[in-house]
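Reader: Hi! Could you walk me through this one while I have it open?

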Amino acid sequence: MTVMHDDYVRQLIARAKDGAIPQQEVKEIARTISEGRAGRDLYRLLYAVARAGGPAYESLVAGYLIHPEDPEVSALAAQVLTGHWRVGAKYRKQILELLGSPEWDLDDDAFMAAVSGAGQILHDGFDAELLRALLRLAEEGRGEYNDDHLRRIAVEAIARALGASHAESFGPPEGVTRSEWSQGLLRAARDRLHEAARQP
């Protein structure tokens, strides 16, 4: 499997989605990745291992959370660890680093995945530093032209952090404006932080 052919890799993704990759093959693909032989196919091979191999490959996937060579690979690792396997709290340090908009993340792939991932981590358990980071992004953005979109995503992550289901986190309930909904969530997040600060 040293030479990866496009056809094989394309079929691999489809087979991973169908659950049709034998574990022995998953093991071989994981070995190809860990030995640094994946090359330009890294994203697709890592996806196949995560999808077909499951959490047994957590440490392999986690090794790519901070991956300046390909921010899309970082984004994939963040999505898998926080959203699919729900083990993101173990990697809060890396998630916080990605929330800081690293210079190498030119298209914000890893950053956006980290915003969403932080919401999921907070949904599963409280973390004042992560909630503060999301609140800052939702209130202040990053001082860039596309901040409206970013702030919207941060608000959705805060909704998830405060207990909304995945579907509920994408917008206000009927009869409530987005602005009212957003302001209510930001208030609730600030209250949660004040409450946590008062606890011994």
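Reader: What does His67 touch, leaving aside its neighbours within four places in sequence?

Author: In this predicted model, His67 is in contact with Leu42, Val73, Ser74 and Trp104, once neighbours within four places in sequence are set aside.

Reader: Thanks. Where does His67 lie, in a helix or a loop?

Author: In a loop, the one between α4 (58-62) and α5 (71-84).

Reader: And is His67 buried or exposed?

Author: His67 counts as buried because its relative accessible area is 12%, and the cut-off for buried is under 20%.

Reader: Good. Let's zoom out: how many helices and strands are there?

Author: The protein chain has 10 helices and 0 strands. Read from the N terminus, the order of elements is α-α-α-α-α-α-α-α-α-α.

Reader: What does the C-alpha trace span along its principal axes?

Author: About 55 × 40 × 30 Å. The chain has 200 residues, and 47% of them are buried.

Reader: What about the contacts with a separation of 6 or more: what share comes from residues 24 or more positions apart?

Author: Those pairs account for 58% of them.

Reader: Now the inside. How many residues are in the largest nonpolar core?

Author: It has 66 residues, and those with the most contacts inside it are Ile33, Ile95, Leu99 and Val115. As a general point, nonpolar side chains tend to be buried together in soluble globular proteins.

Reader: Let me click on Leu99. Which residues does Leu99 touch, not counting those up to four places away in sequence?

Author: Leu99 touches Phe111, Ala114, Val115, Ala118, Leu130, Ala133 and Leu137 on that count. Val115 is also among the core residues with the most contacts.

Reader: Moving on to Arg142. Where is the place of Arg142?

Author: Arg142 sits in the loop between α8 (128-140) and α9 (147-161).

Reader: Which side chains make a polar contact with the side chain of Arg142?

Author: One is the side chain of Ser101, at 2.5 Å. Another is the side chain of Asp108, at 2.6 Å. With residues up to four places away in sequence left out, Arg142 touches Ser101, Asp108, Phe111, Leu137, Asp147 and Leu150.

Reader: How many residues apart in sequence are Arg142 and Ser101?

Author: They are 41 residues apart in sequence, and their C-alpha atoms are 9.1 Å apart in space.

Reader: What about Arg86, what is its phi?

Author: Arg86 also has a positive phi, near 55 degrees. Arg86 lies in the loop between α5 and α6 (92-99), and at 42% relative accessibility it counts as partly exposed.

Reader: Next, Leu106: buried or exposed?

Author: Leu106 counts as exposed, at 74% relative accessibility. Leu106 is in the loop between α6 and α7. Its C-alpha atom is 30 Å from that of Leu162, which is 56 residues apart from it along the chain.

Reader: Last stop, Asp7. Which side chain does Asp7 make a polar contact with?

Author: The side chain of Asp7 makes a polar contact with that of Arg10, at 2.7 Å. Asp7 belongs to helix α1 (residues 6-18) and is partly exposed, with a relative accessible area of 49%.

Reader: And what separates the C-alpha atoms of Asp7 and Ile153?

Author: A distance of 36 Å, with the two residues 146 apart along the chain.

How values were computed. Residues are numbered from 1 along each chain as its sequence is written. This is a predicted model: local features need pLDDT of at least 70, side-chain atom pairs count only at pLDDT 80 or more; totals for chains, interfaces and linings use all residues. Side-chain values use heavy atoms; hydrogens and water are left out. Helices (H or I, at least four residues) and strands (E, at least two) are DSSP runs, numbered from the N terminus. Buried means under 20% relative accessible area, exposed over 50%, partly exposed in between (1.4 Å probe, protein chains only). Contact means heavy atoms within 4.5 Å. A polar contact is a pair of N or O atoms within 3.5 Å; within protein, one must be able to donate a hydrogen and the other to accept it, and residues adjacent in sequence count only if both atoms are side-chain atoms. A nonpolar core is a set of buried Ala, Val, Leu, Ile, Met, Phe, Trp, Tyr and Cys residues joined through side-chain atoms within 4.5 Å.
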